[in-house]
Amino acid sequence: MKILVLTKRQYMGKDLLDDRFGRFRELPLELARFGHQVHGLCLSYRAHNEIRVIDSTASRDGQVEWQSVNLVHGFLPGLPGYFRQARQLIGEFQPDVIWACSDAYHAILGCRLAREFHCRLVIDLYDNFEAFSATKLPGVLSMFRSAVKKADGVTFFSQRMADHVIQTYPMTNPHTVILSGVRKDLFYPQDRSTCRRDLKLPAAAKIIGVAGALDSSRGIDTLFSAFATLAEEMPDLHLALAGARSPKQTIPSGPKIHDFQSLPHERVPLFLNALDLAVICYRRSAQGRYSFPQKAYEIIACGVPLVAAAVGSMNELLRDHPDCLYEPEDSMSLASAIRLQLEKKTAVQIIAPSWADSAAQLNRFFEKISGVQSSKTQRSKIGSAS
């Protein structure tokens, strides 16, 4: 099968090509391992190097050819250049499926290109795009909803998001939930003392921390307030921070606060394994209501105890662990949950899916939509028949 991935280049505070990060890097790579030909076209919303790169797995048993295009060239909009390159790529590659990902604009662009070239279109909703500020521009929401309803298939990052779209749009297309996975080669339990030495964190301290977006819109100020409360009663309590933040975001400082800024993705497992407790912050919002923080699975895979805001899919994931949840935007509730989990010192026992697990389900869905089977599926059927 020939699969073309359309996505923005920067998402979740990372760069798909520079950082080799996330859902739209890992799933295409895993699909390539099934024997599919996979190409990707990513649109950078900021000035960046326009490149062609071959991304491959460590074992080189799968590769994806990526091409990057800037949205703006100098003071000129780059959409004509994007469509020119997209049309040339589609004409030469002739994909069986276009997988349009990352935001409402790519759903709209994917719908237009799929209709023009008579390709199967699958739109991926890895977040609540309707909550994005860019989707609120005049006309965008209606075009986005129209594209979703016209798609040959839709992939969702959570069941909660799928239920919302199916009920409110309404939508009757084929659909499936593709959970974001975890790189099991990176995220696994490691010796805490070793990780702390590597990061130069105090060996004997109790350390709570957060890895992810540090922004008021995500409820990070609730953690800062809870830490200030707990630090008065726990002299050995420290706070570690790692993640992107806006210039306007106030970050507390002090001898017991360790700010690592934005860590490379490969260093995040060290950070998590250095913690006594990881915190996942969120607010009750249109985005939080349908969220599924990727960090939750990464924390669980590392075997680190966690506390999370009781919003979105965290309610379902931690339904058997209610003591790990706190009321969003309630610093006293968060402080109470942190206090309890520091005493229990018990990690949540849930099996986090790998990217290979999620890609296997995505592969089956693409086969259903396109009618084209992967070489791995064909070999499996031949083996079964013999």
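**Close-up 1. Arginine 25 and glutamate 26 meet in a salt bridge.** In this predicted model, the N to O distance between the two side chains is 3.1 Å. Are these two residues buried or exposed? Arginine 25 is buried, and glutamate 26 is buried as well. Take in the surroundings too: a network of salt bridges links Arg25 and Glu26 with Arg20 and Asp55.

**Close-up 2. A salt bridge joins arginine 192 to aspartate 276.** Here the closest N and O atoms lie 2.9 Å apart. Arginine 192 belongs to helix 6 (residues 192-199), while aspartate 276 sits in the loop between helix 8 (268-273) and strand 16 (277-280), so this pair ties together parts that are 84 residues apart in sequence. Aspartate 276 has 16% relative accessibility and counts as buried, because the cut-off for buried is under 20%.

**Close-up 3. Lysine 344 and aspartate 323 form a salt bridge.** Their side chains meet with an N to O distance of 3.7 Å, and the pair counts because the cut-off is within 4 Å. Which parts of the chain does the pair link? Lysine 344 is in helix 12 (residues 331-344), and aspartate 323 is in the loop between helix 11 (314-317) and strand 18 (325-326). These are distant parts of the chain, with the two residues 21 apart. Lysine 344 is partly exposed, with a relative accessible area of 41%; aspartate 323 is also partly exposed, at 39%.

**Close-up 4. The model as a whole holds 22 salt bridges.** Among them are the pairs arginine 25 with glutamate 26, arginine 192 with aspartate 276, and lysine 344 with aspartate 323.

Conventions: Residues are numbered from 1 along each chain as its sequence is written. This is a predicted model: local features need pLDDT of at least 70, side-chain atom pairs count only at pLDDT 80 or more; totals for chains, interfaces and linings use all residues. Side-chain values use heavy atoms; hydrogens and water are left out. Buried means under 20% relative accessible area, exposed over 50%, partly exposed in between (1.4 Å probe, protein chains only). Helices (H or I, at least four residues) and strands (E, at least two) are DSSP runs, numbered from the N terminus.
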